[in-house]
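I opened this entry to record what I looked up in the model.

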Amino acid sequence: METTYNIHPVGWIHKKEGGITIEIEPRYADALLGMETFSHILVLYWFHENDDAENRRILQVRPRKNPKNPLTGVFATHAPVRPNLIAVSTCKIESITGTTIRIDDIDARDGTPVVDIKCYLPEKKAVEDLKLPDWITQD
C-alpha cells in the first residue's frame, strides 16, 4: 500500500539583485518567534522544476553531472531528481524583518517553494571516522 502526504509551502525563495530572501507566508509569522537568536538555519525546499513522473523515477545519476563520476544512487547524492524532491541547505541569516528572512546563499532558484525551516544546531558529538567518496573530495 502506498501512502501519500500533502506538503504545503510555508514560504518562497526570492533571488533578486539586492540579495536572497525567504518570504514566509503571513499565516506562519508566529513560527518565526525566536529565530533572530540564531545565526544559521536549515532550509528544506522542493525541487519544483523537476517535479514530474519521469524525474521521480530516476534513481541513479553521475554526481555533479560529471560523466567522470561513478554512477551513484540518488540517496548518495544531492541530485535534484529523486523519488521525493526535497532539498536542504544550511544558510546564514543576514536579517529578519517581519516575515522576510534575508540569507547569504542557497542552491535554489527564484520562486522555489520552502516546505520547512529549522534552526541550525551543531551536533553535540562530532562525527567520527567520517567517510566520503572520492568524487566529493576531487575537483
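**Contacts and fold**

I began with contacts (heavy atoms within 4.5 Å): of those in the protein with a separation of 6 or more, 69% join residues 24 or more positions apart. The model is predicted, so I noted that local features need pLDDT of at least 70 and side-chain atom pairs pLDDT 80 or more, while totals for chains, interfaces and linings use all residues. Residues are numbered from 1 along each chain as its sequence is written, and side-chain values use heavy atoms, without hydrogens and water.

I then listed the secondary structure as DSSP runs (helices: H or I, at least four residues; strands: E, at least two; numbered from the N terminus). The protein has two helices and eight strands, in the order β-β-β-α-β-β-β-β-β-α from the N terminus. I read the span of the C-alpha trace along its principal axes as about 45 × 40 × 35 Å.

**Surface and charges**

Of the 139 residues, 30% are buried (under 20% relative accessible area; exposed is over 50%, partly exposed in between; 1.4 Å probe, protein chains only).

I counted 17 positive and 21 negative side chains, the centres of the two sets lying 5 Å apart (Lys and Arg positive, Asp and Glu negative; His and chain ends not counted). Each charge is placed at NZ of Lys, CZ of Arg, CG of Asp or CD of Glu.

**Cysteines**

I recorded zero disulfides (cysteine sulfur pairs within 2.5 Å). C91 is buried because its relative accessibility is 0%, whereas C119, at 28%, is partly exposed.
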